[in-house]
Amino acid sequence: MFIRNTWYVAAWSHEVEGDKLFSRTIINTPVMLYRKESGEVIALADRCCHRGAPLSHGRREGDCVRCMYHGLKFDSQGTCVEAPAQERIPPHAKVRQFPVVEQHRWIWIWMGEPEQADPSAIPDTHWVDDPQWRSLPGYIHYDVNYLLICDNLLDFSHLPYVHPTTLGGGEDYATVRPKVERVKDGVRITRWTLNTEPPPFVKAVRDWPGKVDRWNIYDFTIPAILRMDSGMAPVGTGAPEGTRVDAAEFHGCQALTPETEGSTHYFFAHPHNFSLDKPEVTRSIHQSVVDAFDEDREMISAQHRNLVLDPGFKMIPFGVDAALSQFRWAVNQRLEEECAAATQKSETAT
Amino acid sequence: MFIRNTWYVAAWSHEVEGDKLFSRTIINTPVMLYRKESGEVIALADRCCHRGAPLSHGRREGDCVRCMYHGLKFDSQGTCVEAPAQERIPPHAKVRQFPVVEQHRWIWIWMGEPEQADPSAIPDTHWVDDPQWRSLPGYIHYDVNYLLICDNLLDFSHLPYVHPTTLGGGEDYATVRPKVERVKDGVRITRWTLNTEPPPFVKAVRDWPGKVDRWNIYDFTIPAILRMDSGMAPVGTGAPEGTRVDAAEFHGCQALTPETEGSTHYFFAHPHNFSLDKPEVTRSIHQSVVDAFDEDREMISAQHRNLVLDPGFKMIPFGVDAALSQFRWAVNQRLEEECAAATQKSETAT
Amino acid sequence: MFIRNTWYVAAWSHEVEGDKLFSRTIINTPVMLYRKESGEVIALADRCCHRGAPLSHGRREGDCVRCMYHGLKFDSQGTCVEAPAQERIPPHAKVRQFPVVEQHRWIWIWMGEPEQADPSAIPDTHWVDDPQWRSLPGYIHYDVNYLLICDNLLDFSHLPYVHPTTLGGGEDYATVRPKVERVKDGVRITRWTLNTEPPPFVKAVRDWPGKVDRWNIYDFTIPAILRMDSGMAPVGTGAPEGTRVDAAEFHGCQALTPETEGSTHYFFAHPHNFSLDKPEVTRSIHQSVVDAFDEDREMISAQHRNLVLDPGFKMIPFGVDAALSQFRWAVNQRLEEECAAATQKSETAT
């Protein structure tokens, strides 16, 4: 079961280009994305209303798409406008169109009630295409339910253990208890590790003589969007007090989009605001993040296999679970609300 | 659920040769096929009655087969005639024998009540080994339920879209509404496309100066047998009126045999009656058909994946669905009849 | 469903070596095996009590293991002794420890009630490391339920059919009806084949002028342990009367350990007490057994596929099934007893 009335990241802008009909399954629904001649992105159900063939195997005709199974043609609203062997087209011959918004290199999609789709509710991720910041686009695919990956992102105490040679620094990092606050649709996590070893991925691009104060301050919100102010500065330069001198600053943006109950799309970028003229720095940071996310995937996939063997396994909560417990609670609240609204709607209809 | 009291194609004649014990699963049942020393084809359940081992892993002993797990020997009726460690063999120690008929290079099998197996009910496919016709034997395997492939074969409006470089010609082909008639156990479809571009697979072997009149006239009958008079002749030579001058004629024979609920065997040949002395023409036509059937399989497999994602998907019927709707209705009728007969039989037995 | 209160073979001694954290799933439960600095083998559930991550992906710290997901540290009893971000550890933060006994190169594990784990109940397999015997360690993996492999081992009439070039001799071997007796937790099978051809695996290492008397005398006991006195001696030298002159003697030890309902670990050795100074003889015998067990696996896997196609298939019993029927009955008895005990225990607790 997935939240429907929310904005999911469907794709990187560059994945949907030219005349291409791009297909991606989102919360169990096959979606076709393409650009009109104007460049505007369109999202239609990637399933012909006639016999269920994928429209993404079809052919662009102007702003329309022709299904290449039996030749039905659909306009960019999803309305069937031509059927080769018949004049009159059934009025309900439509495929669903989904609201989309392209913003800061991400294409956001709304899988729920279209009238509730409010673009102003899309989280701000401007760092991904802000000229003052640099990053590369990241995407990986998981064969696990997205909530296991949320759990991972909501507890950074795993950094020194899962990522000792990439994102993790000294193990003192894990002994800090972060501050966890409720924010609208999620949680805000604030973690300061003072006087600590900088992590390998930053050591590779910055040269400080000694230890650093390191911060990770991030919101993790429904459906599964992480936006993080993170970085480090030499000890004693005042970072904890708000002064960022000789600092390495990042503004990570990450989005999990469930594909099915058992698989997940993971979009990410890790913008930095230093060495803007050095593409090798951007590449180095990006590669470290990619390597680290592969490490996460290996651990989470192994955890998943264990849970499959015993679906009745009762986890024992620890203090580090505060944020993930709150987030899972928020998700369940939303699912219950959507379920109640759907029930009410169908009762009203009767 | 599958129709049982019908003739299925089990194999091409050449698949069952020499001393070989050939195994193929048909409507969920493993079947072993082999030839007696006389050349007669025998079909037995490919599952020893003792512990379920496949007899096709066994050894020929004259017209008998010995199971190579524990040494039980079965005659060509399926009766156990020897058990190494015991004198008396249980009288019910038998594997099921299935009626088979070898005809025109196909081995037909009857999976239902043996007393109802009437060889005269086998559809005529003599074109496959008629000396006036030439073809090559085709077989492909699908990982979808056979009814999705029936749907495909019952609506040729897909030809110009799925097969633009093989079987399809101009898209005007899809604008024609074929005549659909009920025949015993299925439907007859008659499609004439006048003054149209010949399709690439014929252009490759025939050289006409201009356009053609093209026909596809076929019966599609239970369980899933297609027999088709098809071809084309230059416009104005009288083909629609029944005169075939300078024509390219074909007599396609195709048979779908369900393997399991989710997989299907597909046997086919596409005999032509011109250029009989040019094997390269036969090879060219055959290769085009093979390529086209790969195109179908790609589309139908993608359709299947879409349907699996949402088993509740309601298809919207179009006019082109007339034949497939009638055929599915005929299949369901037969399934209900067989179900009712089985119920009655078990009640009589009580 | 598996018997729990019994000793299973978890691993060969050499599979658990050095600092390694070795993982193997046993009756659906992931288990981590490692050696303390003293060399003692420890078995813990391979699933952190916190979020279910595998401890075998963790790090040895002395005799403890640290989970490399969030840094929890467990001692060799399975008790969580450190959690990076908190002082007080929940008292129920433990992973299960399983009783283990290392004996004659096998590590035995008890998956049931620890208080019932009696090491004296472990079957004697001393031939595997007795200096008067030689063998090599064998392991193969099956993708079938372990009972199908038990069936195979409980009826050696399959030897000449499945293993004609390895373990099997003349087909007269299958005509003998062995003596089957009940023993504690299983059956004893005694099979004498007199005046028979020696099997290929012995011909390769022993040169007798004529035929032999061959014996296979083995206990097959719960959970699935085979221990066998087998061999052959020249005809007329008195083997059936108890004199073993110029004999080739073996003492096979085999253990099946279910991994899941659909997969099985198979541990085996085939010690011989002749040519002790010729490692090539040991290698030759071992290779024949490995080849033969691959032959079994091919047959049993094919049998398994047949049974999956028709779960309602009724096998027809033959005389050779006496031992396997008795063993399956013994297994069911034990499962029922364990089920009744569990019910009683939960009622007492209420």
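Modeller: Helices (H or I, at least four residues) and strands (E, at least two) are DSSP runs numbered from the N terminus, and two strands pair if DSSP finds at least two bridges between them. Keep in mind that this is a predicted model, where local features need pLDDT of at least 70, side-chain atom pairs count only at pLDDT 80 or more, and totals for chains, interfaces and linings use all residues. Residues are numbered from 1 along each chain as its sequence is written, chains are lettered from A and ligands numbered from 1 in the order in which they are written, and side-chain values use heavy atoms, leaving out hydrogens and water.

Colleague: How many bridges join β10 to β11 in chain A?

Modeller: The two strands make a hairpin with 2 residues between them, and in that turn H104(A) has a positive phi of about 55°. One of the pairs puts E102(A) across from I107(A) of β11(A). β10 (residues 100-103) runs antiparallel to β11(A), and the number of bridges joining them is 4.

Colleague: And which residue of β11(A) is the bridge partner of A11(A)?

Modeller: β1 of chain A (residues 7-12) also pairs with β11(A), antiparallel and over 5 bridges. In that pairing A11(A) has as its partner I107(A).

Colleague: How far from D155(B) is the nearest side chain of opposite charge?

Modeller: D155(B) sits in the loop between α1 (146-153) and α2 (159-162) of chain B. Leaving out neighbours within four places in sequence, D155(B) contacts (heavy atoms within 4.5 Å) H70(A), R191(B), Y218(B) and V320(B). Lys and Arg count as positive, Asp and Glu as negative, with His and chain ends not counted, and a salt bridge needs a side-chain nitrogen of Lys or Arg within 4 Å of a carboxyl oxygen of Asp or Glu. D155(B) is buried without a salt bridge, and R191(B), the nearest side chain of opposite charge, is at 4.1 Å.

Colleague: Is F2(C) buried or exposed?

Modeller: F2(C) lies in the segment before β1 (7-12) of chain C. Not counting residues up to four places away in sequence, its contacts include Y8(C), Y146(C), P258(C) and L335(C). I27(C) is 25 residues along the chain, yet the two C-alpha atoms are separated by 6.6 Å. With a relative accessible area of 8%, F2(C) is buried.

Colleague: What area is buried between chain A and chain B?

Modeller: Interface size is often given as the accessible area lost when the parts come together; here it uses a 1.4 Å probe and is summed over both parts. The contact takes 31 residues from chain A and 33 from chain B, and carbon and sulfur atoms give 59% of the buried area. That area is about 2600 Å².

Colleague: Which residue of chain B forms a salt bridge with R47(A)?

Modeller: The rule finds 3 salt bridges across this interface. In one of them the closest N and O atoms are 3.2 Å apart, and R47(A) is joined to D310(B).

Colleague: Which element gives the most to the side of chain C that touches chain B?

Modeller: Chain C and chain B have 3 salt bridges between them, including one from R47(B) to D310(C). The elements giving two or more residues to this side of chain C are α1 (146-153), α2 (159-162), α4 (279-309) and α5 (322-349). With 8 residues, the one that gives the most is α4(C).

Conventions. Buried < 20%, exposed > 50% of the residue type's maximum accessible area, 1.4 Å probe, protein only. Buried area = accessible area lost by both parts, 1.4 Å probe.
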